[in-house]
Amino acid sequence: MANPTKIAFLDLVTPHQELQEELLAVVKKAFSNAGFIGGPMVEDFEKEFAAFCGAKYCVGVNSGTDALRFAFMAAGVQPGDIIVTVPHTFIATTEAISQAGAHIAFVDIHEQTYTMDPAKLREYLETRCEVNAKTGELIERASKRRVVGIVPVHLYGQTADMDPILELANKYKLFVIEDACQAHGAQYFSKKDNTWKLAGSMGMAAAFSFYPGKNLGACGEAGAATTNDPAVAARMKMIRDHGQAKKYYHDIEGYNGRLDSIQAGWLSVKLRHLANWNESRRNHAHRYHELLAEAKDAIVIPVEASWTKGVYHLYVVRVRDREAFQTALAEAGIGTGIHYPIPLHLQKAYENLDYKKGDFPVTERVAAEIVSLPMFPQMTNAQLNEVAKKVKEFACARVSAVR
Ligand SMILES: Cc1ncc(COP(=O)(O)O)c(C=O)c1O
């Protein structure tokens, strides 16, 4: 039987206890004027978060899923249009595509970064699609559907390789909407523009989740979309609020998808700590890299490509004998997770897409071997050492080399 957990996979209690007074002050402020929906706390947070992401606008919504869905709708997606993404992500990415009325197409990930492989994207666009000479639209040959957009997912806190993705999008007139739900503050070095850019500032729009366990987490459900395009921002604001820009004047049907003002106030408090928390995560990741380097024949540690400065939402290693590995760590009282065990193209929910095992071999290999180790800003050196010690013990004794 597993020991009671000594090192949790994630500690959400400590940061909230540390910030308790400031967080409670937000509730008191909201109670003083009963401004629970909209108002200055939401507007202030939107300005602060847009600035943090290097984007012009931020639209607060009630989840990352809605941020994605509203961004697709604001981009003008029509029923049956294809949006291309990766099968190695949380299902919310593709739920939002379907809920916006679009059709999902997958391309595989890169073996080292676990994000969209631009070469696979190019292959899909160039061999499976063709440009209609009359309309200039990109059409998937087999289905005759219009391909309209690309969703790179900045998974585990590291951005996808955006330059080649944006170049392809530009060539084929596709929108790019970043799924930045795990990447608040992650950076990408654009060789093209010779500058570092922030997640959330590179596509037509980007989606962030503030689910409690994220790098910036609410105390409940919340999310936001960022964009540099005023028309897209205005459209997303309407969509989140029943299709109205003026009360009771509904230009379109929308959703009840607003961000609560108390959540916004809490997010503003936490946003002031985010840069430090991200720095702590990076330091912890580098410590793990050093400590686990000795076990590299048995454990594949995360690779940070030269073009990314990750914020380590998760620290994900690969091992062959995953079940035994997780059991050994659980017996030592160490929590772990798997993000995500079943690739989306093999999920029951997507049987109708007619993908099969073997279609995305990199995703399938990765999904069978990944394990997320404890990672949160408040981790101590002693905890990092202890996790690394147990990982190395297991690696030496039981795990055969991955490659
Ligand atoms: C990659 C990714 N996309 C989308 C989402 C959806 O965010 P939310 O849970 O806030 O709806 C998440 C959150 O778990 C995520 O990790």
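This is a predicted model: local features need pLDDT of at least 70, side-chain atom pairs count only at pLDDT 80 or more; totals for chains, interfaces and linings use all residues.
Student: What makes Arg69 and Asp66 a salt bridge?

Tutor: Their side chains meet at 2.6 Å, N to O. The cut-off is within 4 Å, so the pair counts as a salt bridge.

Student: Where do Arg69 and Asp66 lie?

Tutor: Both are in helix α4, residues 64-74. They sit three residues apart, about one turn of the helix. Arg69 and Asp66 are both buried.

Student: Why is the contact between Lys192 and Asp193 called a salt bridge?

Tutor: The N to O distance is 3.5 Å. A salt bridge needs a distance within 4 Å, so this pair passes.

Student: How do you know whether Lys192 is buried or exposed?

Tutor: Its relative accessible area is 65%. Exposed means over 50%, so Lys192 is exposed.

Student: Why is Asp193 called partly exposed?

Tutor: Asp193 has a relative accessible area of 36%. Buried is under 20% and exposed is over 50%, so Asp193 falls in between.

Student: What makes Arg258 and Asp241 a salt bridge?

Tutor: Their closest N and O atoms are 2.7 Å apart. That is within 4 Å, so the pair counts. This pair links distant parts of the chain, 17 residues apart. Arg258 is in the loop between β13 and α9, and Asp241 is in the loop between α8 and β12.

Student: Why is Asp241 called buried, but Arg258 partly exposed?

Tutor: Asp241 has a relative accessible area of 19%. Buried means under 20%, so Asp241 is buried. Arg258 has 25%.

Student: How many salt bridges does the whole structure hold?

Tutor: The search finds 21. Glu111, Arg318, Arg365 and Glu369 are linked in a network of salt bridges.

Student: What lines the largest cavity?

Tutor: The largest cavity has a volume of about 130 Å³. It has 17 lining residues, and among those closest to its centre are Leu12, Pro15 and Lys214. Helix α9 gives the most to this lining, with three residues. The lining divides into eight nonpolar, five polar and four charged residues.

Notes: Residues are numbered from 1 along each chain as its sequence is written. Side-chain values use heavy atoms; hydrogens and water are left out. Helices (H or I, at least four residues) and strands (E, at least two) are DSSP runs, numbered from the N terminus. Buried means under 20% relative accessible area, exposed over 50%, partly exposed in between (1.4 Å probe, protein chains only). On a 1 Å grid over the protein atoms alone, a cavity is a set of points where a 1.4 Å probe fits but cannot get out, and a pocket is an open set with protein on both sides within 12 Å along at least five of seven lines; lining residues have an atom within 4 Å of a point. Grid points are joined across faces, edges and corners, and a volume is the space filled by probe spheres set on the points. Ala, Val, Leu, Ile, Met, Phe, Trp, Tyr, Cys and Pro count as nonpolar, Asp, Glu, Lys and Arg as charged, and the others, Gly among them, as polar.
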